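Have a look at the sequence and the structure first, then read on.

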Amino acid sequence: MSEQGSLLICEDNFSMAALLRFTLEQEGYQVTIARTGTDALKLIEANPYDLVVTDFQMPGANGEDVCRAVRASELNRGIPLVMYTAKGFELSADDLRAQYQIAALINKPFSPRAMVRLVRSLLTEDSNRCEAVAALEGA
Amino acid sequence: MPPITQPDSLLRRLVDQHLMFGLGCVFLCVTFSLGLAWHGTFTEHVAAAVLAPFLLLLVGAFFLRQSVSVHADIEDQLREVASFDAAPDSVLKPIHAPDAAAAGWNWLVETVRERRVLAALEQRLSEALGKADHGELALVLGALTDGVAVTNSEGEMTLANGALASLLNAGSADELLGRPIADCLAEHLAAQPQLFREQLLAHTGPGTWETRAGSGDQLGVYRIQRTVLSTDPGSADATLWTIRDITQQKLAEEARDQFLVTATHELRTPLANLKAYAETLALHEGIDVEQQKVFCNVINSEATRLARFVDDLLDVSQMEAGAVRLARHEVDLARLMEETISHVRPQADQKPLTFETRLPPKLPAMFVDKDKLSAALVNLIGNGIKYTPKGGSVFFRVEADEKNVYFHVEDTGIGISAEDLPNMFQKFYRSSDVRVQEITGSGLGLAFTHEVARLHGGSLTVESVLNRGSHFTLSIPISREVV
């Protein structure tokens, strides 16, 4: 059921990537995993997606580079962007929102269920979108 | 002292007494003689009439002389003093006479002499103290490890110490005097001299700057502080500069920051997996049994990974506190080697590389801390595996002579640059090489292994060629007596 949408997940940790794929595919999304930042950049240039979820720390390019590439690409310029990170207070959600219009900056560890809710709200006209964002950003 | 008599004052004696007496006598004699002459008698004694007062005057003069000799002496000495420009020490002499004036004079001479002695003493003392002050101050400045300088209103150095001379590559502190400090500091301590010089000269008030020059072995980070010294009215503003080499401090700070970044990541990544998998298992319907098993295994291995990192952290905090203790026992080395190798095999099997081991047929028993030694070796071999790309090889070999047992770990991995080599055993140190940064590591393993070697009385050494491979040797003495 790929009518739900096509997602690009950028995550270098094998286990986390596997779980995100499992969870989101169960919800009916088509999931592509990029294991390195460099792979992510290639995929963004080559294919259209409906939403990109990216980790911050990755080999090759990092999450910020991915955001930049998305906003600069022909195919994926306007899609929702979600970033998550294990870093502490070094990343500023406000700065990233201002620069790349990311929808949410999430801290690890996070709940996969809440992530699904967020993705769903971003891809549909969901009045609970703000709550979904807040649930993950506050975590 | 001869008995002091209290005669009448000089004026009374000279004028009133002697002069009057003399004149009186003269008058009497002349009158008597004239009287006699008038009477016509004793005319042959006219000569006597003239002689008598004359003799009287002579006698009087003699006594007068005696009477004023002290005063004459004083007057002479005073005249001499007036004619000398310099100190009258040798000129003033005491007068030995039973006279109050003499006594007074002597007291005066004595006092003058004492005063002069005291003055001379005072001067010698202050000179000596002055020298002592300067001497001590110079020693203190010379002993300081921070560079110190004082500059005048032109920015030229009027005072500098040895430490500053070394920092600025001058032969001695004296060479720096008169030179403009901003130029010197910018030239020797800044990566961009022009820019830094401008920063220093932007204003004349107090300030603090940090500069960085060189890199790797040649890295120097300096803190420069400028204060305006409070001035006496009348003398120009003086500025005090202190320059401190904070390279080690900076490196330590940066290594620790690097560690915190790594630590946060290393803790949160397994935690994220644990939470995600556990939540999915608990809440998700429609996961088949096989899938559930897979998920549980992931939880298990992530927990192990987390536990290992927490152990690393504890080791580090022990090392920081200097509290690593060895629990030494007689250990069968062959058994220990087996356990160690079985620890690392899974890690080696995960990667397509060759892992070979060679142990001698007989290994001595050793008096060591089994767990720490095993951990140290696991760390070395694990590093070999981590930092060797696919298709490479890691070689673990043990040798022994009468004194020591040598554990060799050789690999054909990415190697260590000459720049990084001296820092390899520092806590938190990780090479800035991209290939190293991409591999997760805390920067603690080698520090720990090195500490274990040291505590056993042994050593850890490394040889390496960048891009060719590395060779670590851990040597532990066999004898119980060492350490």
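## Salt bridges in chain B

Glu254(B) and Arg212(B) bring their side chains together in a salt bridge, at 3.0 Å from N to O. Glu254(B) sits in helix α8 (residues 247-283) of chain B and Arg212(B) in strand β3 of chain B, so this pair ties together parts that are 42 residues apart in sequence. Keep in mind that this is a predicted model. Neither end is hidden away: Glu254(B) is partly exposed with a relative accessible area of 33%, and Arg212(B) also counts as partly exposed, at 37% relative accessibility.

Strand β3 turns up again in another pair. Arg223(B) makes a salt bridge with Glu210(B), and their closest N and O atoms are 3.4 Å apart. Here Arg223(B) belongs to strand β4 (residues 220-229) and Glu210(B) to strand β3 (residues 207-213), both of chain B, so the pair links parts that are 13 residues apart in sequence. Arg223(B) is partly exposed at 28% relative accessibility, and Glu210(B) is partly exposed at 42%.

## Salt bridges in chain A, and the total

Over in chain A, Lys42(A) forms a salt bridge with Asp39(A), with 3.9 Å between the closest N and O atoms. These two are 3 residues apart in helix α2 (residues 37-46) of chain A, which means about one helical turn separates them. Lys42(A) counts as exposed, with 56% relative accessibility, while Asp39(A) is partly exposed at 32%.

How many salt bridges does a search of the whole structure find? The count over all chains is 19.

## A five-stranded sheet in chain B

Next up is an open sheet in chain B, where 5 strands line up in the order β7-β9-β10-β12-β11 with mixed pairing. The edges belong to β7 (354-358) and β11 (459-465) of chain B; each has a single partner strand, so one side of each is left without a neighbour in the sheet. From one strand to the next, the twist averages 10°.

Within the sheet, β9(B) and β10(B) run antiparallel and are joined by 7 bridges. Val394(B), for instance, stands opposite Asp411(B) in β10(B). Helix α10 (residues 333-349) of chain B packs on the sheet, touching β7, β9 and β10 of chain B, and its direction makes about 180° with that of β7(B). Helix α11 (residues 370-386) of chain B packs on the sheet too, touching β7, β9, β10, β11 and β12 (469-477) of chain B; its direction makes about 170° with that of β12(B).

## Two loop residues

Lys403(B) lies in the loop between β9 (393-400) and β10 (404-411) of chain B. Lys403(B) and Ile476(B) are 73 residues apart in sequence, yet their C-alpha atoms are 8.6 Å apart in space.

Asn161(B) is also a loop residue, placed between β2 (157-160) and α4 (162-167) of chain B, but Asn161(B) is buried, with a relative accessible area of 2%. Setting aside neighbours within four places in sequence, Asn161(B) contacts Leu141(B), Leu144(B), Asp146(B), Gly147(B), Val148(B) and Ala173(B).

Technical notes. Residues are numbered from 1 along each chain as its sequence is written. Chains are lettered from A and ligands numbered from 1 in the order in which they are written. This is a predicted model: local features need pLDDT of at least 70, side-chain atom pairs count only at pLDDT 80 or more; totals for chains, interfaces and linings use all residues. Side-chain values use heavy atoms; hydrogens and water are left out. Helices (H or I, at least four residues) and strands (E, at least two) are DSSP runs, numbered from the N terminus. Two strands pair if DSSP finds at least two bridges between them. Axes are lines fitted to C-alpha atoms, for helices over the stretch in contact, and angles run from 0 to 180 degrees between N-to-C directions. Contact means heavy atoms within 4.5 Å. Buried means under 20% relative accessible area, exposed over 50%, partly exposed in between (1.4 Å probe, protein chains only). A salt bridge is a side-chain nitrogen of Lys or Arg within 4 Å of a carboxyl oxygen of Asp or Glu.
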